[in-house]
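Dear colleague,

Please find below the structure that I am handing over to you.

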Amino acid sequence: MNAFIAFTKKEMMESVRTYKFYILATVFLLFGFMNPIIAKIMPDLLSSLMPDGMTITLSTPTAIDAWAQFFKNGSQMGILILVVMFSGIMANEFIKGTLVNILTKGMARPTVIFSKLTAASIQWSVSYLLCIAITYGYTAYFWTMNGVENLFLSLFGLWLFGELMIGLVILGGILFKSMYGSLLFAGGLVVVMTVLSIFPQLMAFNPMTLASANMALITGAQDVSKFLSASVVTFLGLLLSILTSVMVFNKKQI
């Protein structure tokens, strides 16, 4: 346990010193401000861009529009930035050879995996919660939350999908020992999940549901049971990726 805590602190300090944590938190902080503000000004902005003599009728913005911006930014740019930021979390250790001294001194290899997962999860969770808090605060200030259903479950789903992405970049880094390999591995699986989302019958078993059906869940158009089933599958996928990472890393030559 002492080794786990010490290595996790080392990972957190390294993220702070290399500004990775600050960059991730700042991006999601900006998203938090942008989500409700863009929803608020979008009708006026579009009206101002229309040619003279042409009019467009837009519905009055609501809290739904602010959360639509939240999930659009979070599931697209947010997840992409998350994957890029942590793509070297394991790959860099192989490239630089920094784990040799640590492992020869007796640290268990699974401890390395769990420490890196914990440090990355803390940074992802803090950044995500900042975005939620700011979006919620401004949304509640501009509008009421009427019509917003299952918000917590929808927010939890996107967070869990982000955790799965962290698990996949860790596994990809171990398998291919490079940042590009880690990115391609995680990106390739996202492409597979996106293709599978074409089939409605697989929605309840596809982790991509957690990043694509959020607004349908909030508006009541998505069946809660399918979202819960996808959450269970995503959690199992995270466990599988971490267990596979441990098994492969135990046999990997450093």
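The notes below go from the overall fold to the core, the helix pairs and individual residues.

This is a predicted model, in which local features need pLDDT of at least 70 and side-chain atom pairs count only at pLDDT 80 or more, while totals for chains, interfaces and linings use all residues. Residues are numbered from 1 along each chain as its sequence is written, and side-chain values use heavy atoms, with hydrogens and water left out.

Overall fold

The chain holds 11 helices and 0 strands; helices (H or I, at least four residues) and strands (E, at least two) are DSSP runs, numbered from the N terminus. The C-alpha trace spans about 75 × 40 × 35 Å along its principal axes. Of the 254 residues, 45% count as buried, where buried means under 20% relative accessible area, exposed over 50% and partly exposed in between, with a 1.4 Å probe and protein chains only. Contact means heavy atoms within 4.5 Å. Among contacts between residues at least 6 apart in sequence, 82% join residues at least 24 apart.

Nonpolar core

A nonpolar core is a set of buried Ala, Val, Leu, Ile, Met, Phe, Trp, Tyr and Cys residues joined through side-chain atoms within 4.5 Å. The largest one has 62 residues, and Phe70, Met90 and Phe249 have the most contacts inside it. Helix H7 (residues 151-176) supplies the largest share of this core, 14 residues. Leaving aside residues up to four places away in sequence, Met90 touches Leu99, Val112, Ile113, Lys116, Ile170, Gly173, Ile174 and Phe249.

Helix pairs

Axes are lines fitted to C-alpha atoms, for helices over the stretch in contact, and angles run from 0 to 180 degrees between N-to-C directions. Angles under 35 degrees count as roughly parallel, over 145 as roughly antiparallel, 65 to 115 as roughly perpendicular and the rest as oblique. A crossing is left-handed if the near helix is turned anticlockwise from the far one by less than a right angle, and right-handed if clockwise.

The axes of H7 and helix H11 (residues 224-251) come within 9 Å and cross at roughly 20°, so the two helices are roughly parallel to each other. Their crossing is left-handed. By class, this contact has 17 nonpolar, 9 polar and 1 charged residues; Ala, Val, Leu, Ile, Met, Phe, Trp, Tyr, Cys and Pro count as nonpolar, Asp, Glu, Lys and Arg as charged, and the others, Gly among them, as polar.

Helix H3 (residues 63-85) and helix H6 (residues 109-142) have axes that come within 11 Å and cross at roughly 160°, which makes H3 roughly antiparallel to H6. This crossing is right-handed. Among the residues in the contact are Trp67 and Phe70 of H3 and Trp124 and Tyr128 of H6. The contact has 11 nonpolar, 2 polar and no charged residues.

Individual residues

Ile113 lies in H6 and is buried, with a relative accessible area of 0%. Beyond residues up to four places away in sequence, Ile113 touches Met90, Ile170, Ile174, Ile242, Ser245, Val246 and Phe249.

Leu238 lies in H11 and counts as buried at 10% relative accessibility. Not counting residues up to four places away in sequence, Leu238 touches Glu163, Leu164 and Gly167.

With kind regards
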